[in-house]
Amino acid sequence: TKAPSAQHELVAKWRAKVRTYESQWRDRVTPRPPASPAPPTDELLEQARGKENPRPARKALHALAKRTDPRIRALGLALLAEPGDPNHDMAIDLLTRNGGKQDYPELIRALLASTADHLHGLGMDYRGFSKAHPSRAAVPGLLHLYEHGPCTFCRTGIVRRLLRLSSLPAT
């Protein structure tokens with residue numbers, strides 16, 4: 001082991017380094033993110049509707065999912081009504097920030113009509129929607145996902161959502 005004076009020297013050097021780092025970062029200004037993203041442009045909305053070219057449309061949908069606007073809600077509901085659309089799974093993402101409790105009947109209808117292949121993706125988005133808009137109106141969709149969803153990990157999340165909504169069935 002080192003002598004006590006050598007240990008004290010190491011501690012003093014360490015403290016000096018810490019003071020140097022603190023002084024470097026103390027006065028640094030970090031940019032703040034904007035309060036909310038800019039409203040969507042008509043061009044972005046048109047690109048998101050592009051069925052003939054789904055890849056750019058998907059990128060536009062991801063950008064729109066982070067914004068709020070009534071036109072985005074209308075686009076989400078239109079996508080939800082078209083299960084054959086290649087970007088159908090993005091509908092609930094669009095509605096999470098732009099929809100509300102009034103959209104649960106449409107969402108549940110889409111869950112009941114979805115194929116087993118699409119149920120998992122829609123189910124994950126539905127869980128996110130039910131977290132953003134807690135309501136007992138979400139319970140039928142959550143129960144459908146619990147009974148028909150292919151993922152046991154998702155079932156755990158569904159049970160947690162049902163517990164938070166105080167709607168876990170007795171049996």
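Predicted model: local features only at pLDDT ≥ 70, side-chain atom pairs only at ≥ 80, totals over all residues.

Entry 1. I started with helix α5 (residues 91–98) and helix α7 (residues 116–132), and they pack at an angle of about 5° with their axes 9 Å apart. Angles under 35 degrees count as roughly parallel, so I wrote down α5 as roughly parallel to α7.

Entry 2. Which residues make that contact? From α5 I listed Ile92, Asp93, Leu95 and Thr96. From α7 I got Leu122, Asp125, Tyr126, Gly128, Phe129 and Ala132. Sorted by class, the contact has six nonpolar, two polar and two charged residues.

Entry 3. I stayed with α7, which has 17 residues. From first C-alpha to last it reaches 25 Å, close to the 24 Å expected at 1.5 Å a residue. I also looked for a bend and found one of about 25° at leucine 122.

Entry 4. Which residues of α7 are buried? My list reads Leu119, Leu122, Gly123, Asp125, Tyr126, Phe129 and Ser130. These buried residues pack against α5, α6 (104–113), α8 (139–148) and α9 (152–164).

Entry 5. Last stop was glutamate 106, in helix α6. Is it buried, exposed or in between? Glutamate 106 is partly exposed, because its relative accessible area is 36%. Leaving aside neighbours within four places in sequence, glutamate 106 is in contact with Leu77 and Leu80. I checked leucine 80 against glutamate 106: they are 26 residues apart in sequence, and 7.8 Å apart in space, C-alpha to C-alpha.

Key
Residues numbered from 1 in each chain as written. Heavy atoms only, no water. Axes fitted to C-alpha atoms, helices over the stretch in contact; angles between N-to-C directions. Helix = DSSP H or I, 4+ residues; strand = E, 2+ residues; numbered from the N terminus. Parallel < 35°, antiparallel > 145°, perpendicular 65-115°, else oblique. Contact = heavy atoms within 4.5 Å. Nonpolar A, V, L, I, M, F, W, Y, C, P; charged D, E, K, R; others polar. Expected span 1.5 Å × (residues − 1). Bend = angle between axes of the 7 residues up to and from the residue. Buried < 20%, exposed > 50% of the residue type's maximum accessible area, 1.4 Å probe, protein only.
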